[in-house]
Amino acid sequence: MRSQTWSRARIWALIGYAVAAAAMFSAPLYLSDFRLNLLAKFLAFAIVALGLDLIWGYTGILSLGHGVFFGLGGYAMAMHLKLQASGGRMPDFMDWSGLTALPAFWKPFESLGFAFIAGLLIPGLLALGLGYVTFRNRIRGVYFTILTQALVIITTTLLIGQQAYTGGTNGITGYSKIAGQSISSPDTKQMLYWITAIFLVVAFVLCRFLVKSRFGKVLRAIRDGENRVRFIGYNPALYQMTAFAISGVLAGLAGMLFVLHVGIISPSMLGIVPSIEMVLWVAIGGRGTLIGAALGAVLMNGAKSEISAQYPDAWTFIMGGLFIVVVVFLPGGVTSLFQRLKFRKRSVSEHEQEAVRHPAV
C-alpha cells in the first residue's frame with residue numbers, strides 16, 4: 001500500500017510538472033509582449049532562487065550576497081551587447097570619461113560565446129574562492145552571512161568607482177542587437193523567452209538530480225549536523241564549496257538572461273536589497289523545496305509588479321506585511337500548504353483503514 005501511495009504521489013507530481021511546463025512554454029500564445037517580457041524576467045529570477053535554495057535550503061548556509069553573482073553574470077553579457085551596439089567603437093561612457101582606447105579586458109567580450117562562458121565562470125570562481133577561504137576555516141552561520149554582505153559592498157563600490165570601465169552608477173545600457181537580431185523585436189523577445197524557459201528547466205533538473213543523489217544527501221546531513229558528517233569521514237568544506245560554486249554559476253546565468261530581457265545592468269541591481277529579496281523569494285516559496293523556491297520567485301515578483309502598479313505609495317508595506325504573514329503562519333513557505341493537505345489526507349485515509357480493520361462493537 002505504501003509503494004502504491006508513493007507511485008501515485010510521484011505520478012501526480014509528474015502531472016504537475018507537465019502542466020507547469022506546458023503553461024510556461026505556451027505563454028507567448030496568451031500573453032501580450034509586455035507581460036511575456038515580465039514573465040521572462042521572473043523566470044530568470046527563478047533560476048537564482050534555485051541556486052540559493054541549493055546552498056541555503058539544502059546545505060543550511062545563508063548567503064546575502066547572491067546579488068553579486070547575479071550582477072557579474074549580467075555585466076558579462078552587457079559588455080558584449082554594448083560592444084555590439086557601439087559598432088566597433090568605444091562605448092559612449094568611456095568617451096565621456098576620457099578614455100582613448102578600449103580596455104584590454106573588454107576586447108574578448110566581443111565574442112558572444114566568450115561573454116556567455118565568462119558570465120558563468122566569473123561568478124562560479126568567485127563563489128568557489130570565497131567558499132574555499134570561509135568553509136575550510138569553518139566560518140559559517142552569521143559570520144558567513146556578514147562576509148557575503150561585505151562582498152556586496154566591496155563589489156558595488158568598485159563598480160561605481162571605476163566609472164570609465166563599468167559605467168559607474170548608470171551601469172551599462174543602450175543595447176540594440178544580439179547575434180545580429182534586433183533585441184527589441186517581438187520575435188527576438190519571444191525566442192529569448194523560450195531560451196530562458198529552457199534554461200530554467202535545465203537548472204531545475206540539474207538541482208533536482210543533485211539533491212536526490214548521494215551529493216544531496218550529504219548536503220542535508222551537513223545542514224542537520226556538520227560535525228557528525230565530519231566525524232564519519234566526509235569533508236564538509238568540499239561539499240559546501242561545490243554547492244556554493246554551483247549556486248554562483250546559476251546566479252550568473254540568471255543575470256545574463258535578465259540583461260537580455262531588461263536591457264540594463266547597474267550596481268543597484270547587485271546591492272544588499274536585491275540580495276535580501278532573493279532570500280525572501282526562497283523563504284516565502286518554501287526553503288528546501290526546489291519547486292517552492294522557483295514558484296516563490298515568480299509569484300513574489302508578479303505580486304510586486306501588480307501591487308506596485310495599483311498602489312505605488314503603499315506596495316512596500318503590503319509586501320512586508322505579506323512576508324510577515326507567511327513567516328508567522330507558514331514557516332515552511334507556501335508549498336507547505338500542499339504538504340499539510342497531503343498529510344491530512346493521508347491521516348484521514350489511515351484512520352478509515354484502521355476503522356475498517358477494527359470496527360467498533
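1. A definition to begin with: on a 1 Å grid over the protein atoms alone, a cavity is a set of points where a 1.4 Å probe fits but cannot get out, a pocket is an open set with protein on both sides within 12 Å along at least five of seven lines, and lining residues have an atom within 4 Å of a point. Grid points are joined across faces, edges and corners, and a volume is the space filled by probe spheres set on the points. This is a predicted model, where local features need pLDDT of at least 70 and side-chain atom pairs count only at pLDDT 80 or more, while totals for chains, interfaces and linings use all residues. Residues are numbered from 1 along each chain as its sequence is written, and side-chain values use heavy atoms, with hydrogens and water left out.

2. Searching the whole structure turns up one cavity of 30 Å³ or more, and the largest cavity holds about 30 Å³ of space. Its lining consists of Asp 33, Leu 36, Asn 37, Ala 40, Lys 189, Tyr 193 and His 261. Two elements give two or more residues to this lining, helix 3 (33-56) and helix 9 (186-212); helices (H or I, at least four residues) and strands (E, at least two) are DSSP runs, numbered from the N terminus. Helix 3 has the largest share, four residues. By class the lining has three nonpolar, two polar and two charged residues, where Ala, Val, Leu, Ile, Met, Phe, Trp, Tyr, Cys and Pro count as nonpolar, Asp, Glu, Lys and Arg as charged, and the others, Gly among them, as polar.

3. Next, the second largest pocket: its volume is about 340 Å³. Of the 18 residues that line this pocket, Phe 45, Phe 258, Glu 277, Asn 301 and Lys 304 lie nearest its centre. Helix 3, helix 11, helix 12 (272-285) and helix 13 (290-310) each give two or more residues to the lining, and helix 12 gives the most, with five. The lining divides into twelve nonpolar, three polar and three charged residues.

4. Helix 3 and helix 12 also pack against each other: their axes come within 9 Å and cross at roughly 75°. Axes are lines fitted to C-alpha atoms, for helices over the stretch in contact, and angles run from 0 to 180 degrees between N-to-C directions. The two helices, helix 3 and helix 12, are therefore roughly perpendicular (65 to 115 degrees; under 35 is roughly parallel, over 145 roughly antiparallel, and the rest oblique). Contact (heavy atoms within 4.5 Å) involves Phe 45, Val 48, Ala 49, Leu 52, Asp 53 and Trp 56 of helix 3 with Met 278, Val 279, Trp 281, Val 282 and Ala 283 of helix 12. Ten of these residues are nonpolar, none polar and one charged.

5. For helix 4 (residues 66-86) and helix 11 (residues 236-262), the axes come within 7 Å and cross at roughly 45°. Helix 4 and helix 11 are therefore oblique to each other. The contact residues divide into twelve nonpolar, seven polar and no charged. Among them are Gly 73 and Gly 74 in helix 4, and Gly 248, Gly 252 and Gly 255 in helix 11.

6. Finally, two backbone angles to look at. Arg 138 has phi near 60°, a positive value in a residue other than glycine, and sits in the loop between helix 6 (112-135) and helix 7 (142-161). Ala 179, likewise not a glycine, has a positive phi near 55°; its place is the loop between strand 2 (177-178) and strand 3 (181-182).
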